[in-house]
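Here is a short walk through one protein model.

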Amino acid sequence: MGRLDEIIVKLSELFEAYANDEAAKKKSLDKDELQAMLKNEVDIEKFDGIITMETIEEIFDKMDKNGDDELQLNEFCRTMCKLAVIYYRKKNKGAKK
Ligand SMILES: [Ca+2]
Ligand SMILES: [Ca+2]
């Protein structure tokens, strides 16, 4: 499996695994579910000073475009991309020519 294949499949699986929705037709992640996911699936120390729980908290509100306090699949995927952007920028900061 290619590296990108893996990311696509994993994102989909993660959403599926954590976005429990009892009543709703469509699965979505509330803050607790997102936090549980990050706690179990992210080595936050690895991202020390780059991505923190506070960053994630902030992003949640920005990414919840329809304002229902839940991340739908599309919002979740955008959130993960946003984290990748933050990671990339912070990692490459100071590496300016
Ligand atoms: Ca849910
Ligand atoms: Ca939402």
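From the N terminus on, the elements run α-β-α-α-β-α. That makes four helices and two strands. Helices (H or I, at least four residues) and strands (E, at least two) are DSSP runs, numbered from the N terminus. The C-alpha atoms fill a box of roughly 50 × 35 × 25 Å, taken along the principal axes.

This is a predicted model, in which local features need pLDDT of at least 70, side-chain atom pairs count only at pLDDT 80 or more, and totals for chains, interfaces and linings use all residues. Residues are numbered from 1 along each chain as its sequence is written, while chains are lettered from A and ligands numbered from 1 in the order in which they are written.

How confident is the prediction? The mean pLDDT of the protein is 87, where pLDDT is the predictor's confidence in each residue, from 0 to 100. A pLDDT of 70 or more is reached by 93% of the residues. Confidence is highest in α1, at a mean of 95, and lowest in α3, at 86.

Now look at burial. A residue is buried if 20 or more other C-beta atoms lie within 10 Å of its own, exposed if 12 or fewer, and partly exposed in between; the C-beta atoms are placed from the backbone. Of the 97 residues, 14% count as buried. Next come contacts. Two residues are in contact if their C-beta atoms, placed from the backbone, lie within 7 Å. Among contacts between residues at least 6 apart in sequence, 50% join residues at least 24 apart.

Which residues make up the largest nonpolar core? There are ten in all: Phe15, Tyr18, Ala19, Leu29, Leu34, Ile56, Phe60, Met63, Leu71 and Phe76. Such a core is a set of buried Ala, Val, Leu, Ile, Met, Phe, Trp, Tyr and Cys residues joined through C-beta atoms within 7 Å. Helices α1 (3-18) and α3 each supply at least two residues of this core. Helix α3 gives the most, with three residues.

Ile56 touches Leu38 and Ile51, not counting residues up to four places away in sequence.

Move on to helix α4. Tyr87 has its place there. Leaving out residues up to four places away in sequence, Tyr87 touches Phe47, Ile50 and Ile51. Tyr87 and Ile50 are 37 residues apart in sequence and 6.2 Å apart in space, C-alpha to C-alpha. Is Tyr87 exposed or partly exposed? Tyr87 has 13 other C-beta atoms within 10 Å, so it is partly exposed. Lys90 is also found in helix α4. Ile50 and Lys90 are 6.3 Å apart in space, C-alpha to C-alpha, and 40 residues apart in sequence. Lys90 counts as partly exposed because it has 14 C-beta neighbours inside 10 Å.

Asn20 is found in the loop between α1 and β1 (29-30). With 13 other C-beta atoms within 10 Å, Asn20 is partly exposed. Asn20 and Asp30 are ten residues apart in sequence, and 9.2 Å separate them in space, C-alpha to C-alpha. Asp69 is found in the loop between α3 (53-63) and β2 (70-71). Asp69 is not a glycine, although it has a positive phi of about 65°. Asp69 counts as exposed, because it has 11 C-beta neighbours inside 10 Å.
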